[in-house]
Amino acid sequence: MLRYILITGLVLLCPFCSVCQEADLRNYPFTIGTKFHYGYILIHSKSIREIRDSYPFGIEIDFSWHQNGQKQWDNCHCYPRTGLMINYFHYDNPEILGDGFAAVYYVEPFFGAHRKLSFSVRAGTGVSYISKPYDEESNPNNQSYSTYLNAFLLVDLSLNYRINENTGMNASFGFNHTSNGGIKVPNKGINFPTVSIGIDYTIDPEDFLNRDKSNFKEEGQRRQRLDVDIFGMFKSYMHGEPVRHLIWGGSVNYSYQVGRLSALIGGAEFMVNGVVNEEILRRGIEDKSSLRAGLLFGHEFLIGRYHFSTHMGFYAYRPYRDKEYDIFYQRYKLTYCFKNRLYLGVSLKAHRHVADYFDIRLGYSFEKISFR
């Protein structure tokens, strides 16, 4: 399990290293911040009723660079922060859930950063350590996670107020998720929205210019992209089994830009699922295959080289049908595109409230600009 988490961490850090090299973040204001969180755990499955009435609280520390150049403005009519956040959460149920630490890389575009009052959206992904995983004898009631190391995802909406040129305050509402992505079961995940208040301190602040906004529709051009990638990850069949089975596949997606930050996206993918193949073998079924093909459609959020997409999918080909999962699924994907059009990313495949698996993917973008 540890090696899979380390690989995922490298995937997440590579884009950050590239941003540092390309943008030279030393030229941008460096900010240190802290937030205090309070929330509640969503009970999305009967199997986690034992942790109802749990109200997590925690603290985070942020280290970020606030980019303020013309190029960043042209991408989104905003000034994005990129940074690393470290948090601690007490899940208010120490016997079952324990405590958790996480390190998360995030991107946070600020809209109206030149004003005292601004609005921002933060999306981040990283790695968490949680202290009380499922154990058949000592902790059988924890159906939320079964490994010490897990993935951590978050989305925050914040209202920011600048007190002076160095200091600012913020109030946020966010949604957090941590699980191992189905690598080991049980793995219902911990889903918990939080409210938070925080304070930031910026070293050597610079002005954020109120630059002119260009009208996307009047520009009369749309970016179109064809993404082709391969992906893979390992997952166990049952809890306690040391063998991990390979899940791999490929996808083709077409993206059509409809706004400065938005695109519609659709495509197809195939998956060869080693866990499903293991189930077929154990059941003694000889005429079924673990090969699957799906069709997807959804929305893509564009922030420079970062693309975050949410897909709804359904199986167009599934000769062996799991009893646990129906025909529909979701996929959440975060990628970073390099200058040579190669991109690197992670995605989460889920069936309703249950994560199926995380994967790591490598792909190439064919892009063109069309004029209306």
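Two strands pair if DSSP finds at least two bridges between them. The legends below apply this to a predicted model.

**View 1. Strands β14 and β15 form an antiparallel pair.** Strand β14 covers residues 328–337. Eight bridges link β14 to β15. Within the pair, T335 stands opposite G345 of β15. The hairpin has four residues between the strands. There, R341 takes a positive phi near 75 degrees.

**View 2. Strand β15 is largely enclosed by the rest of the structure, because nine of its ten residues are buried.** The strand runs over residues 342–351. In a regular strand the side chains alternate between the two faces of the sheet.

**View 3. The largest nonpolar core holds 17 residues.** I41, Y91, L97, I190 and F192 touch the most other members. Two or more residues come from each of β3 (79–90), β4 (99–111), β6 (149–162) and β8 (190–203). Strand β4 gives the most, with three residues.

**View 4. The surroundings of Y91.** Leaving out residues up to four places away in sequence, Y91 touches I41, S54, Y55, P56, L97, G98, D99, G100, I130, T178, I190 and F192.

**View 5. Helix α4 spans residues 274–282.** N273 caps the N-terminal end of α4. A side-chain oxygen of N273 lies 3.0 Å from the backbone nitrogen of V275. The buried residues of α4 are G274, V275, V276, E278, E279 and I280. Just after the helix, G284 takes a positive phi of about 70 degrees.

Note on methods: Residues are numbered from 1 along each chain as its sequence is written. This is a predicted model: local features need pLDDT of at least 70, side-chain atom pairs count only at pLDDT 80 or more; totals for chains, interfaces and linings use all residues. Side-chain values use heavy atoms; hydrogens and water are left out. A nonpolar core is a set of buried Ala, Val, Leu, Ile, Met, Phe, Trp, Tyr and Cys residues joined through side-chain atoms within 4.5 Å. Buried means under 20% relative accessible area, exposed over 50%, partly exposed in between (1.4 Å probe, protein chains only). Contact means heavy atoms within 4.5 Å. A polar contact is a pair of N or O atoms within 3.5 Å; within protein, one must be able to donate a hydrogen and the other to accept it, and residues adjacent in sequence count only if both atoms are side-chain atoms.
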